[in-house]
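Here is a friendly tour of some charged pairs in a protein model. Have the structure open as you read.

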Amino acid sequence: MMKKAKVSDPTAAGQGGPEILPPRRQGIKRRSKVPGVMITQYMEELPEGMTTPDFTRKPIALTIQEGKLAIFKAKVNGNPTPTVTWRRAKGEMNDPQKFQSKFDPTTNEHTLEIPKVTIDEADTYKCYATNEYGKAVCTVVLNIIEVGFKKDKEIKKSAETAVVGDPTEFRKNLRKGAGKKCEEKKEGDIDDSVWDLLLSAEKKDYESICVKYNITDFRGMLKKLVEMKKEREEEQAQFIQHLSNLKPIEVKPEGGATFELEMELKDPNSRIFLYKDGVMIPFSKEAEADMKHCLKQVGKKYVFSVKNLNPEDAGIYQVDVEGVNIFSTDFKVPPVDFALKIKEVTAQEREDAIFECVLSQPINEIVWTLKNTPLSNSEKYEITCSEDKLIHRLRIIDCMPLDAGIYAALAGIKSCSAWLIVEDPGVYFSAGLEDCKAIMGEAAELVCKLSADCEGVWSKDGDEIADGTEGITISKDGVLHKLKIDKVTEEFAGKYRFEADGRKTECEVAVEDPPRLDAKEIEVFAKPIVIKNNQKATFKVPYIGREPCKIQWYKDGEELMPDAHCKIEISEGESRLLLTKLQRKDTGEIKIKIKNEFGTVEAFSNLVILDKPTIPLGPLEIIEASSNCIEVKWRPPKDDGGCPVKHYILERNQIGRNTWKKIGQISGEAHYKDTDVDHGRRYCYRIRAQNDEGTSELMETEDVQAGTKAYPGQPSTPKVASAFKDCINLTWTAPTNTGGTSILGYNLEKRKKGSNLWGQVNPIDQPIQAKKYAVKDVVEGMEYEFRVSAINISGAGEPSHPSEFVFARDPKKPPGKVIDLKVTDSTYTTLSLSWTKPKIDPGVQDEAKGYFVEIRPTENPEWDRCNSNAIIMSTYTVKGMKSMAMYWIRVVAANEGGEGEPQELDNYILAMPPPVRPRFTDSKIKSFMVVRAGNSARVTINFEASPCPDVIWLKDGVPVSKRVTISNAEGGSQILIPSAERNDTGIYTITVKNIVGQETFSIEIRVTDEPKPPGPIELDENVPGTVTVSWEPSPDEKRDDRLHYTVTKRDSTKRTWHTVADRIFNNRFTACNIMPGREYQFRVYSKNDIGLSAPSESPKWLITRKKEKFTLTIPESKTCNLEKPPRFMVPLKIHTAPQGYECYMSCAVRSNPAPRITWYRNNVNLNTDTNYLITNTCGVCSLLILRVGPKDTGEYKIIAENQLGRAECSTNLTVRE
């Protein structure tokens, strides 16, 4: 049980009161920067260097166990040094042993120590810091946790207080009981008004009501409450048709209090009565009436209101219909008032405005309203309070004219209000100064822009910059104000400010000295260095910049490291790269990279190493190899050595001889024509490339024969130009390879289908000169194929590929229209067609050999052919259509005789799939999602629908906010909530709708975070053998309706934590089986969908075991023989215990004289085993295993024996993991 101190001082923290302090002096009151501290300044203007007292660290409220040491610490400042004193609200602090005020000069800390605190020291304490110019004061609360059984004492004390109470209260109690049957109330009975309150309350409020009205038998109360609810429902059913939406009483912003319910009466003329604390009170049915209580009915809704609230209005209000209780609600009026009310605030447009009030008693939160509309934390409003819950603030962010109006603060039944006035800001900055990074030695410029033409003042680090300051130029161009630094040095770094018309803008100028290169030096460095093979090259780059600088050299992107052929020299302001013994392969890009803390600079150059060219490249291309000429080509060297090839040096060898003839140098073109050849001889050539640096290695070619028979290549495949019953006309093209000579003519061959023999068409000695021929030596009705070969001076070359088979017959008639043209399938981009072949009518229309599909958009008059070559199948799929576009479709049949008439579809076609009603395709889609605050939430819904549907997302029935990204695609939709916040929690509904129908699906997204731990834990023993664990709710309880609590326990024997309760939705739990002599400790965790919070840990709980002196008085009795052998009256039971828990076995035995008891496990004697606690009290034999383990599994047996006989009993123990 914890006794909390009441803040009895009716003023705000630090605003004074009837304290015993230095004489009261009038002064100027103001708040300190430290929340909860009030300063009083005794004079309007303080002497130079003098200050009023203030707290740099104020005392912190304490909750401490009875008998411990309580210490309050504070730090103050002021000139002259303030005097610190301490006072309490109730009682004196004259005992120096009890209240010890100290000062530590090393830490400048003032402390108040209260050793061995008792319940009487629970109070509100004030700390004063005073000097001759003012005083500062702050308030701190000391709460004491009681130890032991003190509840009975408190109940007794409260009962005595009730007897010797106010006579007025006594008379009021008599009035409440008037007309009721006087019954003597037994201890533990619950008042009827409390039962009415419980019947109307929600389950989560049961525990708080029981605590308030001292109801200890919670289970008994619940059992009786269920019975009474059934009786109440039966009574209400006589007069009430329907009852719902019972809302408890609450204070409204306009000043009154209301409670409401929805009720449908069976008889509209039934009488309604209103009671307060059991006394009937009159009420009016007109809201404008002057009566204090009013009933307003709108349809089925009844609203009861109480006007002109005062503390006497607190109590239990009850609504009856014809004598049957319908609803009860408890109206609590906290004893709070405004020590400092909110005041009128004038704010400039776009600035923040703050309302602040100070309360006389701590309250967790108050209600803020604008024009009688409650406000809550949002992007516009920020509601906060101090640690001591006395100072409450409302911040209006980014004030606009619409925010002006009357703001009110409500605490209990007290309220105060004030105006917010939003003024035009006048001159303001439309563009402020921006932080600038200036380069050493270069110019820098600061620019700001005002809303109107106005003069201003520039300053640096608080010192004004005068016009004409060396190195700085200040200029003004209308509303633009500029400050230019001509040449930046270190002294120009700092904070610059521009002030105009009471407004200011600031920026930081940071002077940086990154590495830099001179433009001329870069130009010189960029010129390529050209050297000869095996020589050296040097690159030099001067630079400026703050040291240390990191310098790196690269070639073709790879960093160069110092070695035998590479040296890197770095001196002050310069770096050199020396490369030696360079080869042609070292040619490439050279880069220098200089870096320091401010930046990086790079420069590029090229290194070119000259060398002789590489070998010319083959293979040799023979342009002509005739009897009197050989003309060849080759490819230039892959690498020309860095300079162009000027000459090629050629040598020739006639095959069969051992000598090489020097042909000499030819121009740089890789081509040579050798006319000094003998017909039929074979020649080989050696070729070298030459530039200014030397001559390459030689390339030796393959043999080339002069005058060799070079046959022409294949002509193209003959094409049938036309066919008749007595003549077939063919055409072809010349071969690409003529064999080095001109084509003299062509030979044409034919072959019947099914035959392997080719026959010559033209006479052998009469080659065909043209590239066409009319074959007349054909038989009507026969099918032929043809091939052609070219002839040059060497003879006939390879024949061409055979032509297609062609009939020797007259041309066919074009086919007719296709039959039964229809659409078999469609999508948004494709269309599938099928048809039947046209009918054959000899002499009119012949058989179709192929088909063409043509398409035309409705807005285009021209037809487009889908297939360039005729298809032989009677099906086709058109692709590449525009979604939902309209098209005309037709099919044209064709054969050797030409194309027939087209066949069109009767109607235009819409590019879309067949209509499909929207349907969600995910079978395992989740309807609930938990997202950690700050993470992104992504929901993807897949569906099928045709045509494309409209997709609408709603959150709690309204469109989702703009910060939610919706992505729609064919067959699916997705929402993305980046960096989810708690206010994103809700039910998100997707509606998919098209012309066929619609479908909806909802998913609940809960955005939460790891819960904060519960508040301090209190322990109390209401019933012997139990401990009631209660705790302050977690701060997240109000905004997370799924948050619950888990309670764990540890005692001094087990030393391990075990869960004793889970999923507790209130702030109280009663632990049973609490054994005297053991020390217990509890932990409470907050738990939600994300996980567990850190635990709140209770103080240790110990009930000492009381040993009472046992006195036995043996009465005189007649001598009789009561001896009997042992017999078990209550046998052992079978036990199954979890591992790590305790196990208790017991049985009862009757015997005279008392038997000797022996316990066995698996026939092993346990009487001397210290791991088992064995007792025998009046025939009740027990065995206790404190921590059960696997070794404890087995058969347990107890044997009782005396001189008259022996009895035994056994059982089995199973240990569960």
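Asp453 and Lys476 join their side chains in a salt bridge, with N and O 2.5 Å apart; the term stands for a side-chain nitrogen of Lys or Arg within 4 Å of a carboxyl oxygen of Asp or Glu. Asp453 sits in the loop between strand E31 (444–450) and strand E32 (457–460), and Lys476 belongs to strand E34 (residues 472–477), so the pair ties together parts 23 residues apart in sequence. Strands (E, at least two residues) are DSSP runs, numbered from the N terminus.

This is a predicted model, in which local features need pLDDT of at least 70 and side-chain atom pairs count only at pLDDT 80 or more, while totals for chains, interfaces and linings use all residues. Residues are numbered from 1 along each chain as its sequence is written, and side-chain values use heavy atoms, leaving out hydrogens and water.

The structure holds 61 salt bridges, including these:

| Pair | Closest N and O atoms |
|---|---|
| Arg963 and Asp984 | 2.5 Å |
| Lys1087 and Asp1062 | 3.7 Å |

How covered are the partners? Asp453 is exposed, at 54% relative accessible area, and Lys476 is partly exposed at 35%. Arg963 is partly exposed at 32%, whereas Asp984 is buried at 5%. Here buried means under 20% relative accessible area, exposed over 50% and partly exposed in between (1.4 Å probe, protein chains only). Lys1087 is partly exposed at 27%, and Asp1062 is partly exposed at 39%.

Methods: Helix = DSSP H or I, 4+ residues; strand = E, 2+ residues; numbered from the N terminus.
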